[in-house]
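Please walk through this structure step by step, with the sequence and the coordinates side by side.

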Amino acid sequence: MKKLTSRIDKERLLLGIAAPLLAIVAALVVTALVILATGKNPGPAFSDMLTYGFASDSQVYILNKATTYYLSGVAVAVGFRMNLFNIGVDGQYRIAAFFAAVLGGALTVPGWLAIPMIIICAMATGALWAGIAGVLKVTRGVSEVIATIMLNAIATAVIGYLLQPGKLGELQQGGTLVSTKPLPESSYFFTIDTGPAGVLDGFIVVAVLVGLAYWFILGRTRFGFDLRTVGQSESAASASGVSVKKMVATSMIISGAVAGLIGMPTLLNESHQYDNSFPVGIGFTGIAIALLGRNNPIGIALGALLWGFLERTTNHLEFQGYDKEILGVIEGVIVLCVVIAYEVVRRYGLKRQQQRVGAELAAQAAAPTKKQEVA
Amino acid sequence: MKILYGMQQPDEGTITVGGEQVVFHNPGDAIARGIGMVHQHFMLADNLTVLENVVLGAEKLHGIGGKARARIKEISDAYGLNVRPDVLTEELGVADRQRVEILKVLYRGARTLILDEPTAVLVPQEVDALFDNLRELKAEGLTVIFISHKLGEVLSVADEITVIRRGTTVGTVEPRGTTPKQLAELMVGSELPTPETQESTVTDVPMLELKGLHLAQTDLDGVERIILDQIGLTIHKGEVLGIAGVEGNGQSELVEAIMGMRQPDAGSVTLDGTDISRVATRHRREAGIGYIPEDRHRHGLLLEAPLWENRVLGHVTEKPNSRGGLLDIKAARTDTERIVEAYDVRTPGIDVTAGSLSGGNQQKLIVGREMSHDPKLLIAAHPTRGVDVGAQAAIWDYIREARREGLAVLLISADLDELIGLSDTLRVMYRGRLVADADPATITPEELGSAMTGAASGHLEHTEDDA
């Protein structure tokens, strides 16, 4: 019996890895075809990506990018585990970063106090923004997809309105750029200097902690169990005593709070202010990464690293005479393949397990005489 | 059955239809070969007429207009099905719906009919009518495969009976010269279980009291429908109270009201002297309500989660599943092993998904889980539906044993033999009201059946000339 159980588990693990691998290989094939279609040779492109991607300065760049992407992936994954599609992570992190930057610029307290305050402000803003969608869904039955998309647009408008000289913004660099008041140097988050390779954002530590918390809360706590139950079957959850509505609102708020962290590596480690060049669209990247990582904390990390790698290396391809739009093609194809591959693998896995259980029980039933002899 | 209808492929073996060996890759292949299936759960669209439901997906045969209507009439008359093509499906009763399902299959040219547990939702009188229809079909040269757990019915309607147990054929018998007991022994492979309870264990300590439970709902047309109408009942410690009734007469809503999944408009629920009318589902469970839901896939299990997580489901706040706010995975797993052992859940391990177990084993796991938290009240809704005879006997045993130990049980079932056999007190539910009560010691299924259709009410007395 033990043997079969472990075999099933091993198989499950294998199947779990097979899907993303399959997707990435398929994406590479499609990308190669696309490069061929543009009349160029894909071989050198791939080899350039490899050598350039693993250069040490690239590694630091990729880790920094991945930190942001990881947080975004986790924020989306929290929703996914609940069967909620928080497409509004994008708006949530931007408005969170904006207000955190405003607060950070205004604070005059020492860094050890200011940094936590900035981070908490960001999380609270993100949670509030996502909470609007959560409350609307629970009380009025508004689809969270629609609500969060709208909230994205509203966030853009709110930031655009407030980020003006005389409101919460101020003119920088001789009047060419509007930003929030820059953070005092004491409020900068620590960085790790890796020498010529560049500077590693200290926020990577926070990202790792978020990953650990995500794993622990979902897998090891009662709350996490309830959350997963609702995600798997709302009817079973309510029969088992979970208040589905409360859970929907709570997980939306958690998702938003994590989303609030997405802008922090940029704000605290790099830009130190919110301006028009603050990165946008990371919330959508998070959706792709959460899908790729199967909502698994380690899977999301791998997905985030892959995304960072692709971004870094395709940028470099431009200098080799390739089109940088190839990045969009690879990413798009990966996501598409991943969705398909997971569904195929999931169905195959379930069916296979059913067959195995049936076979095992049939074998047990076929040998009852033996048992009787023993007894 | 699934193989025969092309929904699943066999690993080995052959199917021969009309002397010709065939392979079915999907239900379409099976239909093309003249095999039709009437599912246990009807597959009809409520907001369409009978005609529309019948032609749905088979528009190519006779179109969707006059020709189709004529063909439906023709089939209906030929087999005495009495189907009215222009009635909305939602206005039909269960028996009528079933006839529509049968007609749907015949319309597609089926010569072999598979009926999966067709009588589960019918009252005895309707069962007789169904059997008349089946005999009609037989007389016209059609083949009928009738799948049922109910031995009496199989004996009365079949020309040949094949008993299948745990996936293998254990015997084929002639109904003439076979008693239900022999048949049942073939099915269980051992002594026949009966749902009879022994000496009464009813005490006079009330465990569950419902008073004036009322629930109304406004449907889409703005018409207010009363779902629960002044339900009042008391279950004592050690008492099994059975509720008979055709499905859809408010039983599910009653259970949901007691569980706290649905808030009634008025009335109170008192458990063991404490008013729990306003208490959340989780706290009601913690207070000692065990729940075997009627639809285990929707309400009782997480099909894609491993068994041990399903053991935690519904009892996540209780020992041994958690300590403080944290799950105690090790203890939960150990306890799952214990349940699997004690309740004879046939599984290769506790890490397989619940969905890969058979219905009977899933149900035994649920029963084991609910019994493991010393419930004061057990709500058992169709506890043995879709469960093989062996598991059925085991589940009955668990209920009886718990009753001896002072458990109060609310039993809701469509299986009248089960109700009569297990209950200490019987109530009949019709259109949201408890219309009749009966003494299970003397009542017959037929008498209960007439109250279930609303033909009788009040206290049901067994009359000799009636039987």
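**From a helix end to a buried strand**

Just after helix H12 of chain A, A:Arg294 takes a positive phi of about 50°. The model is predicted, with local features needing pLDDT of at least 70 and side-chain atom pairs counting only at pLDDT 80 or more, whereas totals for chains, interfaces and linings use all residues. Residues are numbered from 1 along each chain as its sequence is written, and chains are lettered from A and ligands numbered from 1 in the order in which they are written.

Helices (H or I, at least four residues) and strands (E, at least two) are DSSP runs, numbered from the N terminus. In H12(A), which spans residues 282-292, ten of the eleven residues are buried, so this helix is largely enclosed by the rest of the structure; a residue is buried if 20 or more other C-beta atoms lie within 10 Å of its own, exposed if 12 or fewer, and partly exposed in between, with C-beta atoms placed from the backbone. Among the buried residues of H12(A) are A:Ile282, A:Gly283, A:Ile287 and A:Leu292.

In chain B, strand E17 (residues 408-412) has five of its five residues buried, so it too is largely enclosed by the rest of the structure. In a regular strand the side chains alternate between the two faces of the sheet. Both faces of E17(B) are covered, with B:Ala408, B:Leu410 and B:Ile412 buried on one side and B:Val409 and B:Leu411 buried on the other.

Strands count as paired if DSSP finds at least two bridges between them. E17(B) pairs in the parallel sense with strand E10 (residues 240-244) of chain B over four bridges, where B:Gly242 has B:Leu411 as its bridge partner. Strand E16 (residues 377-381) of chain B also pairs with E17(B) in the parallel sense, over five bridges, and here B:Leu378 stands opposite B:Val409. Together with helix H15 (residues 389-404) of chain B, E16(B) and E17(B) make a right-handed β-α-β unit, right-handed meaning that, with the strands pointing away from the viewer, the path from the first strand over the helix to the second runs clockwise.

Where do the two chains meet? Contact, defined as C-beta atoms, placed from the backbone, lying within 7 Å, joins 29 residues of chain A to 36 residues of chain B. On the side of chain A that touches chain B, the elements that give two or more residues are helices H1 (2-37), H8 (222-232), H9 (234-240) and H14 (326-366) of chain A, and H14(A) supplies the largest share, eight residues.

Terms used:
Two residues are in contact if their C-beta atoms, placed from the backbone, lie within 7 Å.
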